[in-house]
Amino acid sequence: MSIRTYFFQHACTLLVATVLFLAGVSAQEVTISQEIDWPQWRGPSADGVARNCDPPMEWSQTTNVKWKEPLPGEGSATPIVWKNKIFIVAAIQTDRVAETPPRADEQAKTEPPANYYQFVVLCLDRQNGKELWRQVACEQVPHEGKHYTNTFASASPTTDGQRLYVSFGSRGIYCYDLDGQLQWTRDLGDMRTRYGWGEATSPVVHRGSVVINWDHEDQSFIEVLDAATGKTKWRVDRDEPTSWATPLIVEYANRTQVIANGTNRVRSYDLATGAVIWECGGQSVNAIPSPILSGETVFCMSGYRSSAALAIPLDATGDITDTDRVLWYHKQGTPYVPSPIIVDEHIYFTGSNTGILSCLDIRTGTPIFERQRLPELKSVYASPVAANGRIYFTDRDGTTVVIRHGKELEVLAINKLGEPIDASPVLVGKQMLLRTVGHLYCIEDVGT
């Protein structure tokens, strides 16, 4: 190392330390923040991977449960974590009945409820699960029903560390400070979802912008709101039927892309303007899995009635459907509800809503192994998470299978809570949070 390089590196280190000192933040606090924050659905990088975490490999109702707290009402939204606070949403049915209950849309296969629901935002203490505050965002009768596996609180909240952003969809978009004080609210109208199956798309926040994807059976759109005020920055109509996929935000080549999956196309929008950067067809109907990123490639999947997995370079432009700009396709065993996960150069995904696992090489799409059964897993809605060389798959019965990342399927543990789970797991530090149908569990190695 030259003397010039030595002094340059130390000057940079001093500069960073000075900035952190002036901001009142230590380098240790930055590291801790990376370990304990899960600020959005699927975590810090929106891909389910916790790079600084080491959660337990084994647990049960009586083993490695640090705490267990009952949750009110219903909800399948994944909790999020910022520092010592857990934020979670729920819909609580009340005894109040509407004088004139809503009627189902003629194309719906579900019936709207007659009762009012409270749409609630909860903040819990991460150390003991105790409630720190609760806010009722609104009390309404939902205008349409929901699929029997859905809930009226399925969209996960998100935070930028300053404010909390919550979407109850047709019941409104709400912004709170982290102490629970309402900052602003927006009403974007009512969704009319396919067959009245309900809503689920989570909001995403990035550098002062909140992205809301609004795909339904009427005019779909994507809208970007100012994070501080809730005012619209831009809104672009979408040629899409109902989807339930949360967008992915990626910074690339001095431009920020908002990548939204859909039945007709997966599209990339310029976050600054709403202009379409690239788009690609080839998906199945009912797009639910969210895109994920590795390096300079985004991976998109869908799996209802057909299978589709696509690898798309971020430097694409225009309509690249059926062109060589698509790096690879895979047309077997892709997920319907869960999203895939990438660990190193492997992409893992379960077929449809089953426990049948496949793994591909992300560079080529070549199978590493295909359609192998994860033992004791049945129907799967939750998206997998990964940490410390392990991948966790949770089914709707509350069983979690832990496998080792590698070229062969190696099961490390099978864990059962005995309570239904649809929400995706959360990894923070040495903890895993699991939302069941009635409780929030904090899983941690508590010793003997």
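Trainee: How many helices and strands does the secondary structure of the chain come to?
Mentor: The model is a predicted one. Its secondary structure, taken over the chain, comprises 2 helices and 33 strands.

Trainee: What radius of gyration does the chain have, and why does it agree with a compact globule?
Mentor: The chain has 448 residues, and for that number a compact globule would have a radius of gyration near 22 Å. The C-alpha atoms fill a box of roughly 80 × 55 × 50 Å along the principal axes. The radius agrees with the globule rule because the value for the chain is also 22 Å.

Trainee: What percentage of the contacts in the chain with a separation of 6 or more comes from residues 24 or more positions apart?
Mentor: Burial gives the setting: 58% of the 448 residues count as buried. Among contacts with a separation of 6 or more, the share from residues 24 or more positions apart is 57%.

Trainee: What part of the accessible surface belongs to carbon and sulfur atoms?
Mentor: The accessible surface of the chain is about 19000 Å². Carbon and sulfur atoms hold a share of 48%.

Trainee: How far apart are the mean positions of the positive and negative charges?
Mentor: The chain carries 41 positive and 52 negative charges. The separation of their mean positions is 1 Å.

Trainee: Which class of accessibility does Ser352 count in?
Mentor: Ser352 also belongs to a loop, the one between strand E24 (346–350) and strand E25 (356–361). Its phi is positive, near 50°, in a residue other than glycine. Its relative accessibility is 33%, so Ser352 counts as partly exposed.

Trainee: Which residue has its backbone nitrogen 3.0 Å from a polar atom of the side chain of His216?
Mentor: His216 lies in the loop between strand E11 (209–214) and strand E12 (220–226), and at 4% relative accessibility it counts as buried. Leaving aside neighbours within four places in sequence, its contacts are Asp190, Met191, Arg192, Glu240, Pro241 and Thr242. The backbone nitrogen at 3.0 Å from the His216 side chain belongs to Arg192.

Trainee: With which side chain does the side chain of Thr193 make a polar contact?
Mentor: Thr193 is in the loop between strand E9 (182–186) and strand E10 (204–206). Its relative accessible area is 4%, so Thr193 is buried. Not counting residues up to four places away in sequence, Thr193 touches Glu144, Gly198, Glu199, Glu217 and Thr242. The polar contact of its side chain, at 2.6 Å, is with the side chain of Glu144.

Trainee: What is the relative accessible area of Val426?
Mentor: Val426 lies in strand E31 (residues 426–428). Not counting residues up to four places away in sequence, Val426 touches Trp38, Thr78, Pro79, Val81, Gln431, Met432 and Leu433. Val426 is buried, and its relative accessible area is 0%.

Trainee: How far apart in space are Val426 and Ala308, C-alpha to C-alpha?
Mentor: In sequence, Val426 and Ala308 are 118 residues apart. In space, the C-alpha to C-alpha distance is 27 Å.

Trainee: What distance separates the C-alpha atoms of Tyr148 and Thr185?
Mentor: Tyr148 is found in the loop between strand E5 (131–140) and strand E6 (158–159), where it is exposed with a relative accessible area of 74%. Along the chain, Tyr148 and Thr185 are 37 residues apart. Their C-alpha atoms are separated by 29 Å.

Trainee: Is Asp125 buried or exposed?
Mentor: Asp125 is part of strand E4 (residues 115–125). Not counting residues up to four places away in sequence, Asp125 touches Trp67, Asn84, Ile86, Lys130 and Leu132. Its relative accessibility is 15%, under the 20% cut-off, so Asp125 counts as buried.

How values were computed: Residues numbered from 1 in each chain as written. Predicted model: local features only at pLDDT ≥ 70, side-chain atom pairs only at ≥ 80, totals over all residues. Heavy atoms only, no water. Helix = DSSP H or I, 4+ residues; strand = E, 2+ residues; numbered from the N terminus. Rg over C-alpha atoms; globule rule 2.2 N^0.38 Å. Buried < 20%, exposed > 50% of the residue type's maximum accessible area, 1.4 Å probe, protein only. Contact = heavy atoms within 4.5 Å. Areas by Shrake-Rupley, 256 points an atom, 1.4 Å probe, with all protein chains shown as cover. Lys, Arg positive; Asp, Glu negative; His and termini not counted. Charge placed at Lys NZ, Arg CZ, Asp CG, Glu CD. Polar contact = N/O pair within 3.5 Å; in protein donor to acceptor, adjacent residues only side chain to side chain.
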